[in-house]
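Have the viewer open as you read.

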Amino acid sequence: MRRIHLSLLIMEVPAERVLCLREFTDAFCHDLGSRSRRVSPNEPRKGREVAYNPSPMERRLYIETYGCQMNVADSELMLGQLGRAGYRRVERAEEADVILVNTCAIREHAEQRIYGRLGELTRYKLRRPGVVLGVAGCMAQHLRARLIERVPQVDLVVGPDGYRRLPELIDEAREEPTLGVRLSRVETYGELVPARADGVRAWVSIMRGCDKFCTFCIVPYVRGRERSLPADEVQRQVEHAAAEGFREIVFLGQTVNAYRDGEVDFAELLIRANRVPGIVRIRFTSPHPSDMTDRAIDAMARCEKVPPHLHLPLQSGSDAVLRRMRRIYSIDEYGRLVERIRRAIPGIALSTDIIVGFPGETEEDFEATRQAMARIGYESAFIFKYSPRPGARSAEWPETVDDREKTRRITLLIEEQKARSLRKNESDVGSTVEVLVEGPTKRTPTEWFGKSRHFKTTVFPHRGERVGDLLSVRVAAATPHALLGEGVRAAAFAAVEDVPA
Ligand code: 5AD
Ligand code: SF4
């Protein structure tokens, strides 16, 4: 086995044990764009291989991102950091001398897929041994040296708190396999300027890590303890993004509404961001129900740039399961929270996360989830099969729901949610929605799309609008996943895959 250079050895938290990615394969999702499989814009392209002319000075970086928006934001951070160190980003792995894969570990399936992709990427290394292959993110933190044992072509394993030192770690990895997997209690990357992808949306990670320790979840072990960016840094990032021309800010954090810096809470951040000229929308993901204070609800209601949409993970509708998941709310408390939110923000669209097949989930527990989803009436939902994650508490408990039964339960919920989403979207037909214009759809360049204030993908015929415009679209038809403006060829949007990220 190759010798592994332990660049940083001390762990501040038990990290032997493995973010927030929503896998589309086992999830129903309305917002395919932000939660699709590979979120990097540099999709590998088939076809002609590009000739490689190695030069000792060149620093060409290819980065591919898996998982949730936090990972997308982290990749932008890495791009910023490496850009300052002289790296130029390339769009094809075969052109790069550093290949980075920013990974996810939330479910086993995510890791399996990344192993498959690493297998493909190793061929560039075999062809040109000087290439550095690095694995970043949650799977890197979860597996650490074991990743190099399993894929010996991997030169660098760097966890979510190691990105500040990324240029040095890459240099070390040119010499010998290198690990940068120390978790930090304080790292927030506050002052580092990310290289943001073009578009309307700027991700701003306002806090990192999680202290909730839901028993199914690996996040606290791979992203470490909860910590918030200084409020001044958040405001500076919002203003910087506005100056760069971004129109929408998305505050990110594993429990984003747990944000606190001294006297400044999450509500205050929304109020401050609401004052920044140029920004027209402020969104955030994902809040924890138990941190959803009246102050935050009130700020959402009063800030006109915060649209009426909230992703509020429920996970289960059964108190017994919620207790074992350590979600720290009951279904009644969640229901009362939803009532308060709906009273303050009439017509708000809600979406959620649900897990089926958690250890001990009985048929009655599952029925309770089904009923809760129907009662609350979500606009959309991400539904997952429970996946035991070694290191998380529940992985020690016997699985009581087999895969066939998980499939039955998830299929039922997906079908019911799809019908509900369609009904909700159809109720918008005939109305006019405000769309923040994002760009052309994949299939029909003359048809563009954007998000409505309810965060529904809305397609419209392009008549010269520009990316970032706010546009009024009259809704003529609906699918479970999208609203279609007048003049759109409805048949082309039977499949949500037509709408790119
Ligand atoms: N198995 C299945 N789903 C999970 N999630 C988190 N951990 C697991 C797991 N072990 C889901 C939760 C969370 C979303 C990001 O992923 O629903 O809200
Ligand atoms: Fe995981 Fe629970 Fe923390 Fe969300 S709140 S990241 S589900 S531990």
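How do the residues of the shell around ligand 2 divide into nonpolar, polar and charged? They split into seven nonpolar, three polar and two charged. For that sorting, Ala, Val, Leu, Ile, Met, Phe, Trp, Tyr, Cys and Pro count as nonpolar, Asp, Glu, Lys and Arg as charged, and the others, Gly among them, as polar. Among the residues around ligand 2 are C210, C214, C217, H288 and R327; to be around a ligand, a residue needs a heavy atom within 4 Å of it.

A bit of housekeeping: this is a predicted model, in which local features need pLDDT of at least 70 and side-chain atom pairs count only at pLDDT 80 or more, while totals for chains, interfaces and linings use all residues. Residues are numbered from 1 along each chain as its sequence is written, chains are lettered from A and ligands numbered from 1 in the order in which they are written, and side-chain values use heavy atoms, with hydrogens and water left out.

Now for ligand 1. It has 13 residues around it, the closest being R107, F216, Q315, D353 and S387. F216 also turns up in the list for ligand 2. The table gives some polar contacts (N or O atom pairs within 3.5 Å).

| Side chain | Ligand 1 atom | Distance |
|---|---|---|
| R107 | nitrogen | 3.0 Å |
| Q315 | oxygen | 2.6 Å |
| D353 | oxygen | 2.7 Å |

On its own, ligand 1 has 400 Å² of accessible area (Shrake-Rupley, 1.4 Å probe), and the protein covers 97% of that. Strand 16 (349-356) and strand 17 (380-385) each give two or more residues to the shell; strands here are DSSP E runs of at least two residues, and helices are H or I runs of at least four. By class, this shell has six nonpolar, two polar and five charged residues.

The largest nonpolar core has 58 residues, and I206, F251 and L270 touch the most other members. A core here is a set of buried (under 20% relative accessible area) Ala, Val, Leu, Ile, Met, Phe, Trp, Tyr and Cys residues joined through side-chain atoms within 4.5 Å. Helix 8 (residues 266-274) is the top contributor, with six residues. Apart from this core there's another, of 31 residues, including L121 and Y221.

Last stop: G450, in strand 19 (residues 447-451). G450 is buried, at a relative accessible area of 0%. Beyond its neighbours within four places in sequence, G450 is in contact (heavy atoms within 4.5 Å) with residues including V435, E438, K456 and F460.

Definitions and conventions:
Polar contact = N/O pair within 3.5 Å; in protein donor to acceptor, adjacent residues only side chain to side chain. Buried < 20%, exposed > 50% of the residue type's maximum accessible area, 1.4 Å probe, protein only.
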